[in-house]
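Trainee: Hi! Could you walk me through this protein model?
Mentor: Happy to, let's bring it up first.

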Amino acid sequence: MDNMLKTEQRKPELLNFKHPFQLYGITTDKRQLRVPTWRLVTQRIMADGAKEDDVRVIHISIKLARISYLKNEYSTAKLGYEWCLQKLENLAGENNEDIVKLIAMAEDWYGRLLVDLENSEKGLNLMISSLNRMQKTNVEQEHVIVQMNDIGTVCDRLGKYDEGIKYLLKAIELGKQMSAMDELGTMYVNLGRIYMKQNLLEMARKSCGQGWKLGVTTKNDNLKHEAELCFKELKL
């Protein structure tokens, strides 16, 4: 993302009910997971009487949209996410945490697609909406922090520097409270890069320095390298 470090996406399995593969005795071997397999699961669920607005069907449809995106089938992915969000909107009034988590998943993945393809502010707004929903559920704090970092990098990409700084500072504040937060150094370097664009050079130097120190202590060569690039840019 425009020379910004982006933390590894590690989205949790958001729903609490049993995974459809487990319910229907289909392999969970990642090497064998293909679109036809997901569709087969959907067909079996619907054969048991589920309708297209059944939460299990929507859950699988979100994952099908994600697979389409990863296969560069962007139009199919967009249609899939929009269909899922429309169906979930009709269920949102049920005040069910599983529904909230599903909406957060769909908004996040659709938002990232729109940012990647179109540098779209709509994509950013979807990611922020996803974050707000996450914070109302029992999603692990680490995932909330990673989401804040990623929103900060998107804000930088869209030229929304003040907003990016706000999200990254909050992510760092929360990350420092964790017993072990591998992405903390990444957040410091991301913050330093935005400070540079704001011509806040001393703050940029301090932030990148914190990232470099964490790279040394955690023996993260990639993080050290990115922090050193930050220092080189400051000297130009």
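Predicted model: local features only at pLDDT ≥ 70, side-chain atom pairs only at ≥ 80, totals over all residues.

Mentor: We'll go from the overall fold to helix pairs, cores and a couple of loop residues.

Trainee: Let's do cores. How many residues does the largest nonpolar core have?
Mentor: It has 32 residues, and those with the most contacts inside it are Met 148, Ile 151, Tyr 167 and Met 187. Helices H5 (97–118), H6 (121–134), H7 (141–157), H8 (161–175), H9 (184–197), H10 (201–217) and H11 (221–235) each supply at least two residues of this core. A nonpolar core is a set of buried Ala, Val, Leu, Ile, Met, Phe, Trp, Tyr and Cys residues joined through side-chain atoms within 4.5 Å.

Trainee: Which residues is Met 187 in contact with?
Mentor: Leaving aside neighbours within four places in sequence, Met 187 is in contact with Ile 145, Asn 149, Leu 168, Ala 171, Ile 172 and Met 181. There is also a second, separate core of 20 residues, which includes Cys 84, Leu 85, Ala 106 and Trp 109.

Trainee: Now helix pairs. At what angle do H10 and H11 pack?
Mentor: They pack at about 155°, with their axes 8 Å apart. That makes H10 roughly antiparallel to H11. Axes are lines fitted to C-alpha atoms, for helices over the stretch in contact, and angles run from 0 to 180 degrees between N-to-C directions. Angles under 35 degrees count as roughly parallel, over 145 as roughly antiparallel, 65 to 115 as roughly perpendicular and the rest as oblique.

Trainee: What kinds of residues make the contact of H10 with H11?
Mentor: They divide into 11 nonpolar, 3 polar and 3 charged. Here Ala, Val, Leu, Ile, Met, Phe, Trp, Tyr, Cys and Pro count as nonpolar, Asp, Glu, Lys and Arg as charged, and the others, Gly among them, as polar.

Trainee: And how do H5 and H7 pack?
Mentor: H5 and H7 pack at an angle of about 25°, and their axes are 12 Å apart. That makes H5 roughly parallel to H7. On the H5 side, the contact is made by Asp 108, Arg 112, Val 115 and Asp 116, and on the H7 side by Gln 147, Asp 150, Val 154 and Arg 157. By class, this contact has 2 nonpolar, 1 polar and 5 charged residues.

Trainee: Is Val 154 buried or exposed?
Mentor: Val 154 is buried, with a relative accessible area of 0%. Val 154 is also 9.4 Å from Met 127, C-alpha to C-alpha, although the two are 27 residues apart in sequence.

Trainee: What about H3 and H5?
Mentor: The axes of H3 and H5 come within 11 Å and cross at roughly 15°. H3 and H5 are therefore roughly parallel to each other. Their contact has 9 nonpolar, 1 polar and 3 charged residues.

Trainee: Last topic: where is Asn 72?
Mentor: Asn 72 is in the loop between helix H3 (55–70) and helix H4 (74–91). Asn 72 has a positive phi of about 65° although it is not a glycine. Most residues other than glycine have a negative phi. At 53% relative accessibility, Asn 72 counts as exposed.

Trainee: And Asn 119?
Mentor: Asn 119 is in the loop between H5 and H6, and has a positive phi of about 50°. Asn 119 counts as partly exposed, at 40% relative accessibility.

Methods
Residues numbered from 1 in each chain as written. Heavy atoms only, no water. Buried < 20%, exposed > 50% of the residue type's maximum accessible area, 1.4 Å probe, protein only. Helix = DSSP H or I, 4+ residues; strand = E, 2+ residues; numbered from the N terminus. Contact = heavy atoms within 4.5 Å.
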